[in-house]
Amino acid sequence: MDMHMNLKTHLPDGRQVLTFIRPGTMPGLLLNMIKELPFNQRSEEYMPLSRIQIYSAEDDSMSLNMFVYGEESKHQTDVTLTGSHILEYAQQVMDGSLPPQDEYGRPNPKPNSSFERNNMIKHMEKCSESYILRSDPRRFLSQMELFEKVSGSDNISVSIEYSYLDENNDEHYWIDVALANTLPHYALEQTTKLLFLHSFDVMRAHLDNVSDGENGTITLLRMLVTPVNGAKGDDATFNLLQQELKRCKWLNDSTMELVFEKHPWLGVRRGEIITAMSSIMHSIMSKQNPIAFSKGNILDTVTKDRYIKHAAAIVDLFLERFNPKGPLTDEELESKSKDMLSVIDNEVEDSTAQVLLTKMIDIVKHTLRTNIYMNNRYALGLRLNPKIMSSEDESPRETPYGVIFVHGRRFDGYHTRFRDIARGGMRLVTPASAEQFALESAHQYDECYGLAFAQQLKNKDIPEGGSKAVVLIDNIGMSKAGKDFVMRKSVKAFTDTILDLIVDTEETREEVVDFVGKKEVLYLGPDEQVTPEDINWVIKRAKQRGYDTPAAFMSSKPRAGINHKEFGVTSEGVNVYLDVALRHVLKIDPKHESFTIKMTGGPDGDVAGNELKILAREYGENAKVVGIADGTGCAEDPNGLDWDELLRLVHDNLPIDHFNTSKLGEGGAVHTVDTEEGVKARNSMHNRVQADAFIPAGGRPNTINIHNYKHFLNPDGSPSAPLIVEGANLFVTDEARQLLFEEAGVVIVKDSSANKCGVITSSYEICAAMLLSEEEFFDNKDQIVREVLAKLHNYAQMEAELLFREFETYGGSLPQLSKIVSGAVNAATDALSVALESFSKEDKDKLLPLFRAHLPQTMADMSFDKVHERVPAQYITNAISSCLASKMVYKEGTKFVGALPKEKLASVALRYVEAEHQIAMLKSVLEGTEMPEKEKESILKLLEAGGARTALGVF
């Protein structure tokens with residue numbers, strides 16, 4: 001019979017059924033069919049695959065395959081009726097009335113508390129009616145056991161058993177797979193592909209989805225397979241198959257192609273390391289030659305038939321180095337590396353291949369931890385010595401404290417930090433095209449470095465150093481649902497891999513070889529495209545994984561955090577700098593005089609939207625917003641955009657393209673990006689529109705750079721705005737900042753100063769998570785937030801006054817002064833942290849009032865007596881150090897701190913604390929002394945201004 005038939009029907013509940021009838025049952029037929037199915041994650045018409053039924057004729061003459069799309073409506077019937085056959089069987093299992101084997105010789109399940117009637121009913125209520133009705137009771141219970149193993153996680157569980165049903169063929173096997181939180185279509189395709197590559201033909205298959213509550217959905221696959229082309233269904237084959245089934249969910253396509261098609265002999269583990277190293281090399285070397293060292297070219301080169309044996313040998317060296325059963329020592333690693341380099345030098349004639357293979361050996365030598373041997377890892381993680389990331393063609397720059405690289409399915413991620421205890425946001429980058437993805441990939445690490453360094457500069461007032469995570473995700477061409485699914489999976493895989501490398505548990509002690517030599521503490525925060533659901537999952541997972549302070553692992557938890565957008569914390573600081581700058585630079589009193597502002601970032605954005613609210617609150621009609629641009633377009637009005645309309649957009653969380661054009665004045669316009677002219681207008685607004693001040697409060701890094709900074713200037717060379725206050729990170733590059741200042745006198749308040757209040761707030765969230773329970777924080781949240789906002793204003797005001805005081809006294813560009821301030825505080829903090837390590841607990845406790853004074857009063861009053869119980873010792877040390885360092889720099893200035901030898905910084909700072917205490921006592925005595933008030937006030941001011949420094953005898 002030679003029949004090809006495709007049928008498309010609808011079930012009564014609206015789901016679509018695609019039925020395919022084909023002649024024969026040749027291996028690979030099902031896989032090819034699955035690849036061509038519609039409604040997959042790349043389709044804009046995406047629908048979830050909710051059920052499949054795959055059948056082959058006994059004589060292999062034909063196959064019938066049914067694919068059901070769409071969510072099955074919840075059954076209204078009583079599961080005790082529809083599932084009575086299953087409940088009866090489960091009861092027999094529990095009361096022991098079943099024999100050890102059934103009539104076909106299959107072992108019956110053993111009693112399990114999950115099989116108790118109430119538990120069975122609860123589970124069945126999560127299942128579709130069709131799954132319950134069509135399930136064999138034994139099959140249902142066995143799949144339920146797999147479900148329980150992965151419930152609440154993102155794991156995979158596999159069961160393989162011999163098929164007892166076919167007496168004529170002993171080579172049939174049932175493979176059951178439970179996959180948590182996987183797109184069903186992808187799960188089916190990857191599992192079928194893996195079986196095909198291992199020479200197993202799928203004779204029958206079923207797919208069902210079962211709800212796992214808040215954790216999502218668990219896909220249950222059951223396949224009857226038989227080996228073909230001489231394959232064997234032995235223990236070794238099935239052990240390997242189980243391992244690869246568990247890993248394939250998390251493998252990138254490039255890895256799967258390498259290990260399942262190009263070089264199957266490599267194995268999954270080695271292939272994954274090669275593709276990971278290729279990504280790292282791309283980050284390091286693409287600046288030297290973007291074509292030769294593109295990610296694709298790197299992988300193609302090291303996996304060519306001529307060179308793959310060398311790449312495999314290097315990977316084996318990596319595996320030996322981190323084998324928990326006997327890791328290589330430094331000496332053994334060095335000896336084997338030299339031997340390999342010699343072989344490569346003699347056998348590899350291509351210079352590019354030589355460079356890449358040598359760099360792979362460097363990566364092995366610069367890796368300090370990896371999770372490669374962890375059985376249930378989500379992705380491959382490497383804790384790198386950051387020196388490996390330096391490129392020969394880049395200018396010297398500060399080396400980070402640590403770098404973590406994570407290589408997972410559809411993503412690569414970097415986490416870079418500049419201090420042992422560090423905090424910074426995690427951003428998700430999702431380019432819209434392959435060309436844009438290639439550009440983002442080439443500078444991913446540099447973006448992560450730049451953001452982390454900017455964070456280090458702005459974190460000067462808090463215990464945590466600066467860090468940043470940038471996760472580059474490939475969801476190009478996917479449906480909206482598919483894109484979101486991949487982003488959420490990437491967040492989980494990235495953060496869980498970081499936990500693999502930093503938690504200290506029995507599992508990690510057994511499976512992770514450590515060459516760092518100390519415990520590492522880091523904290524994440526949400527950045528671009530991270531959702532509240534992501535935050536909750538990360539915190540929950542940190543607790544499951546044994547992180548010491550899980551509630552603090554990621555800030556901005558919806559209930560127990562301080563929502564930056566809701567309370568406008570970043571913008572409150574930005575506006576302090578704007579206010580001080582207007583007064584000092586333009587001699588404008590914004591409370592009483594009119595001024596003009598242009599902004600990037602929409603009314604629906606965090607920093608931009610809140611800055612609009614603050615401008616209206618503080619200055620009213622004096623503040624005239626003459627231009628705003630965001631992703632949707634721009635609005636311009638030389639007389640100032642209508643405040644009521646702007647605040648309506650902020651309140652309704654709408655972007656600027658929703659601005660009501662009837663509210664525009666003469667010469668006003670709204671341009672939207674659905675036209676070419678609108679795109680040009682939006683992209684040039686920040687350069688064209690004339691204003692007193694420009695606030696970049698949104699937009700991509702490096703928008704104004706060394707190649708285009710002149711566009712910010714008018715034809716006569718004057719700036720379109722003489723003042724820039726950077727609410728967004730890295731909007732203007734260092735080079736452009738300096739050139740704008742030198743050529744046009746533009747005064748720029750750098751991001752590390754202007755928007756630092758967001759990171760200070762996040763630090764307070766970390767402190768709250770460590771010191772207070774969630775209920776304690778929530779019950780006192782209003783008061784704590786008020787106190788935090790007051791502290792933010794104080795920190796911003798102190799630095800702003802210092803910046804402009806030194807700017808007016810010593811000259812130079814403001815961005816450089818901002819860096820000098822951050823450098824002075826950070827240098828003093830680091831020196832103090834080292835010095836305090838040698839202090840006894842009693843001596844260190846004498847300095848605890850510094851940490852207490854840094855905290856919001858309510859938080860301190862409630863919990864500071866438990867600080868040693870709840871806060872890591874190193875965090876306390878860093879907190880004392882940063883509090884003292886920032887106090888001294890803001891009070892005495894950068895010249896005072898900068899003139900001190902590094903080796904004396906700590907001792908002078910500690911003496912400074914004592915001097916301040918003495919001055920405070922003197923002031924107290926003086927205030928009680930009878931003398932003319934004018935003279936007393938003058939003396940008190942002198943003591944406040946320079947008493948501590950004078951007492952030190954350091955000038």
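Two strands are counted as paired if DSSP finds at least two bridges between them. In this predicted model, strand β13 (residues 421-429) meets that criterion with β15, to which it is joined by 6 bridges in a parallel arrangement. Within this pair, Ala422 stands opposite Leu522 of β15.

Asn878 belongs to helix α36 (residues 873-892) and has a relative accessible area of 1%. Because the cut-off for a buried residue is under 20%, Asn878 counts as buried. Leaving aside residues up to four places away in sequence, Asn878 touches Arg419, Asp420, Ile421, Pro463, Thr829 and Ser833.

Turning to another part of the chain, 7 strands form an open sheet in the order β19-β18-β17-β16-β20-β21-β22, and their pairing is mixed. The edges are taken by β19 (669-672) and β22 (747-749), each of which pairs on one side only. On average, neighbouring strands of this sheet are turned by 15° against each other when direction is ignored.

Strand β17 (residues 623-630) and strand β18 (residues 633-636) run antiparallel and are linked over 4 bridges. Here Gly627 stands opposite Glu636 in β18. In general, strands of a sheet pair through backbone hydrogen bonds, in either a parallel or an antiparallel manner.

Key:
Residues numbered from 1 in each chain as written. Predicted model: local features only at pLDDT ≥ 70, side-chain atom pairs only at ≥ 80, totals over all residues. Heavy atoms only, no water. Helix = DSSP H or I, 4+ residues; strand = E, 2+ residues; numbered from the N terminus. Axes fitted to C-alpha atoms, helices over the stretch in contact; angles between N-to-C directions. Buried < 20%, exposed > 50% of the residue type's maximum accessible area, 1.4 Å probe, protein only. Contact = heavy atoms within 4.5 Å.
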